[in-house]
Amino acid sequence: MKMKRLTTLQTLLPSTLVILMALPTAALAWQPDGDIDLIVPSSPGGGSDLNARTIADIARKEKLVPDGIKVINKPGGSGAVSFSYVNSKKGNDETLMILHSGQDLGSYVLNWAVKGKDLTYLGTVAYDDLMICAVAGSEYTDIKKVIEASKTKRITYGGAQKGNGDHLSYLMLNNSTGSKFKYVMFNSAGEVTSAMLGGHVNIGIFNPSECIAQARAGKFVPLATFSSQRLTGEFSEVPTFQELGYPNLVIREARAIAGPPKMSANAVKFYEKMLKDVTSTPQWQNEYIAKNFLTPVFLGAKETRDYFVKASPEAAEQIKKDELNKKK
């Protein structure tokens with residue numbers, strides 16, 4: 001009887017081993033099938049574009065993705081074009097989008113058909129600040145004088161897109177200081193830079209990473225930051241608006257990644273880990289965070305969603321209220 005039982009087990013063993021050997025492959029964690037499309041809701045040259053290309057480069061170098069990440073710029077409609085495009089990829093696990101908190105905010109302010117909450121939040125990878133700059137040698141390089149001059153003179157304030165953090169900074173500045181700047185909208189920080197250097201707008205709002213090259217070249221003069229404390233390095237001498245006597249003029253932006261609606265749970269886990277691994281590399285910390293004066297952070301999918309679904313609608317109400325008061 002024992003011999004028969006052993007013989008049966010021996011007979012079954014080869015097929016059992018085949019099944020067991022196949023299980024790890026079948027149970028492997030999800031991975032993208034081919035290149036990942038990473039959509040940037042603005043033109044090349046801005047902070048979102050740099051964010052996307054840095055993530056793509058590190059993910060490739062560190063072999064965090066099986067193939068590669070293809071960065072695709074889709075500007076238009078202050079970001080609405082990209083939001084709509086990514087939304088159309090419902091259930092697609094190989095499409096991602098750079099999600100700046102300013103654009104998430106814009107989806108509510110401008111009442112886009114697709115709002116941030118309709119997408120899949122995957123992770124937050126950095127915090128960013130905002131800074132006003134003027135062209136070196138112009139008459140707009142003293143922020144206090146510029147604020148006063150705007151009350152009697154038309155002074156233009158260039159920003160990337162409408163209904164976002166740039167737009168919010170302009171409204172908050174006018175409300176807090178009594179200034180009367182005129183907001184001029186562009187598709188990206190790169191376009192704002194070109195407009196300023198071409199003499200088409202007087203001052204502009206930027207993230208530090210978007211203006212550092214021009215500041216180092218001596219073409220831009222940073223006037224003031226909306227940060228809660230002074231930045232470091234070349235920007236250490238730039239005053240905060242709090243220092244200038246405006247305690248409520250503080251804005252911090254988040255840089256995040258989103259995907260289409262109904263991404264699979266396994267894909268969400270994969271991208272969460274990928275983004276966390278990206279933010280842990282020396283290249284990210286030294287060549288992206290430190291070099292561009294960003295604040296390091298990593299928030300997972302749930303934390304990112306919790307932050308955005310609360311912060312964006314609240315800020316949107318503030319913008320809408322300000323716009324409504326202007327019409328009265």
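The model is predicted. The protein has 11 helices and 11 strands, and 51% of its 328 residues count as buried.

**Overall fold**

- Of the contacts between residues at least 6 apart in sequence, 77% join residues at least 24 apart.

**Helix H9**

- Helix H9 spans residues 265–279, a run of 15 residues.
- From its first C-alpha to its last, H9 reaches 21 Å, close to the 21 Å expected at 1.5 Å a residue.
- The buried residues in H9 are Ala267, Val268, Phe270, Tyr271, Met274, Leu275, Val278 and Thr279.
- These residues lie on the same side of H9 because they cover an arc of only 160 degrees around the axis.
- Ala265, Lys269 and Lys273 are exposed on the other side of H9.
- An α-helix has 3.6 residues a turn, so residues three or four places apart point the same way.

**Salt bridges within helices**

- The protein has 13 salt bridges, counting a side-chain nitrogen of Lys or Arg within 4 Å of a carboxyl oxygen of Asp or Glu.
- Side chains of opposite charge can pair when their charged atoms come close.
- In helix H2 (residues 47–61), Arg53 and Asp49 are four residues apart, about one turn of the helix.
- Arg53 and Asp49 form a salt bridge, with 3.0 Å between the closest N and O atoms.
- Asp49 has a relative accessible area of 7% and is therefore buried, the cut-off being under 20%.
- Arg53 is partly exposed, at 40% relative accessibility.
- Helix H11 (residues 301–327) holds Glu314 and Lys310, which are four residues apart and so separated by about one helical turn.
- The side chains of Glu314 and Lys310 meet in a salt bridge at 3.1 Å, N to O.
- Lys310 has a relative accessible area of 52% and therefore counts as exposed, the cut-off being over 50%.
- Glu314, with a relative accessible area of 47%, is partly exposed.

- Glu243 and Arg230 form a salt bridge through their side chains, at 2.8 Å from N to O.
- Both residues lie in the loop between strand S9 (220–225) and strand S10 (253–259), 13 residues apart.
- Glu243 is partly exposed at 44% relative accessibility, and Arg230 is partly exposed with a relative accessible area of 35%.

**Salt-bridge network**

- A network of salt bridges links Asp57, Arg60 and Lys61.

Technical notes
Residues numbered from 1 in each chain as written. Predicted model: local features only at pLDDT ≥ 70, side-chain atom pairs only at ≥ 80, totals over all residues. Heavy atoms only, no water. Helix = DSSP H or I, 4+ residues; strand = E, 2+ residues; numbered from the N terminus. Buried < 20%, exposed > 50% of the residue type's maximum accessible area, 1.4 Å probe, protein only. Contact = heavy atoms within 4.5 Å. Expected span 1.5 Å × (residues − 1). Arc of directions from axis to C-beta.
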